[in-house]
Amino acid sequence: MTPFTVFYCDAARAGQWLDDARLLALVRFGEPASTEPDLRVGAVALAELGGAETVEVWLGARPARTGVRDGIRHASDGEVLFLQLDLDEYAPDALQPLTAVAYRRLFATARALGYPHFLRIWNYFPQINRECEGLERYRAFCAGRHQALVAELAEFETRLPAASAIGTCGPGLQLYALAAKEPAVQIENPRQVSAFHYPRQYGRRSPSFSRAVLKAWGEGREHLYISGTASIVGHASRHRDLLPQLDETLANLEALLAEANRRAAAPLELALLKIYVRPDLDPAPWRDRIAQAFGTGVPMLFLRADICRRELLIEIEGLATGSAARHSRDTAS
């Protein structure tokens, strides 16, 4: 049995999940919430395409234990830990030290609660491509993250979590994270240079994340946490227009799934996708292309957002799942 499920639902139905003792996290999108008394609820200031209101629900297998430690809201079900941290930027050039402090606090909290292995971290902050004091904010964020991860991870290049870094419309640094009691397997994309080996042209500290993380939960059940994936081959951005970028991104996702399937106990299938696209782009040409690529059965959430490189127009992240028991049933039939 996997320790949790994650799914999208209409915001109008969020109340039923807030009443569920198994709830680990509920993430809203759009305008940031005002004061939300429930520790499990977060809000990301990214508008959803089409004007819909969707929430992301993380539901544990057992009643969740919740609390706050060092400003970090957390919920766990005995197997997995979900953490949320919101920090104000106290100065325009403070993103690098703020990120380093935030990550150190995340690791300290996860270790103290008995979940020392990070699987996936989401990073949200505004004006991701703006320069401050001669340094792009995304690169300042990467420097702060690298500083913390080098200090916290004994095997830096083989224990990096999957991750996304996305530009929002709201203030402050927001981190969401998923941690486990036992480690997972890092997966890299053969079409791409590992992000932590990028040359110095991308900043004095390379982005510190894995392309994906494969986690076995027992009984032949596995999750693949897919990092934000874009139109990058080797280490270079490819194409100027949206549709060629989308096709390259889809090729990267296919290559990543193929690489993960070499290590998985059973074939992995996409279970959930989140698609970020630049705010000024018309969604009509590419929504159908994504649906054709993945089929109508994969739930997708489309959000308007800024991407970590100025030239990139779209980024896709997701979750794939596999079950040896399910595979056995399918092959037997």
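**Exercise 1.** Is Asp247 buried, partly exposed or exposed?

*Solution.* The structure is a predicted model, in which local features need pLDDT of at least 70, side-chain atom pairs count only at pLDDT 80 or more, and totals for chains, interfaces and linings use all residues. Residues are numbered from 1 along each chain as its sequence is written, and side-chain values use heavy atoms, without hydrogens and water.

Step 1. Buried means under 20% relative accessible area, exposed over 50%, and partly exposed in between (1.4 Å probe, protein chains only).

Step 2. Asp247 has a relative accessible area of 37% and is therefore partly exposed.

**Exercise 2.** Identify the salt-bridge partner of Asp247 and locate both residues.

*Solution.* Step 1. A salt bridge requires a side-chain nitrogen of Lys or Arg within 4 Å of a carboxyl oxygen of Asp or Glu.

Step 2. The side chain of Asp247 meets that of Arg289 at 2.9 Å, N to O.

Step 3. Helices are DSSP runs (H or I, at least four residues), numbered from the N terminus. Asp247 belongs to helix 4 (residues 242-261) and Arg289 to helix 5 (residues 284-294), so the bridge ties together parts 42 residues apart in sequence.

Step 4. Arg289, at 30% relative accessibility, is partly exposed.

**Exercise 3.** Compare the accessibility of the partners in the Arg22–Asp20 salt bridge.

*Solution.* Step 1. Their side chains meet at 2.8 Å, N to O.

Step 2. Asp20 is buried, at 14% relative accessible area.

Step 3. Arg22 is partly exposed, at 32%.

Methods: Helix = DSSP H or I, 4+ residues; strand = E, 2+ residues; numbered from the N terminus.
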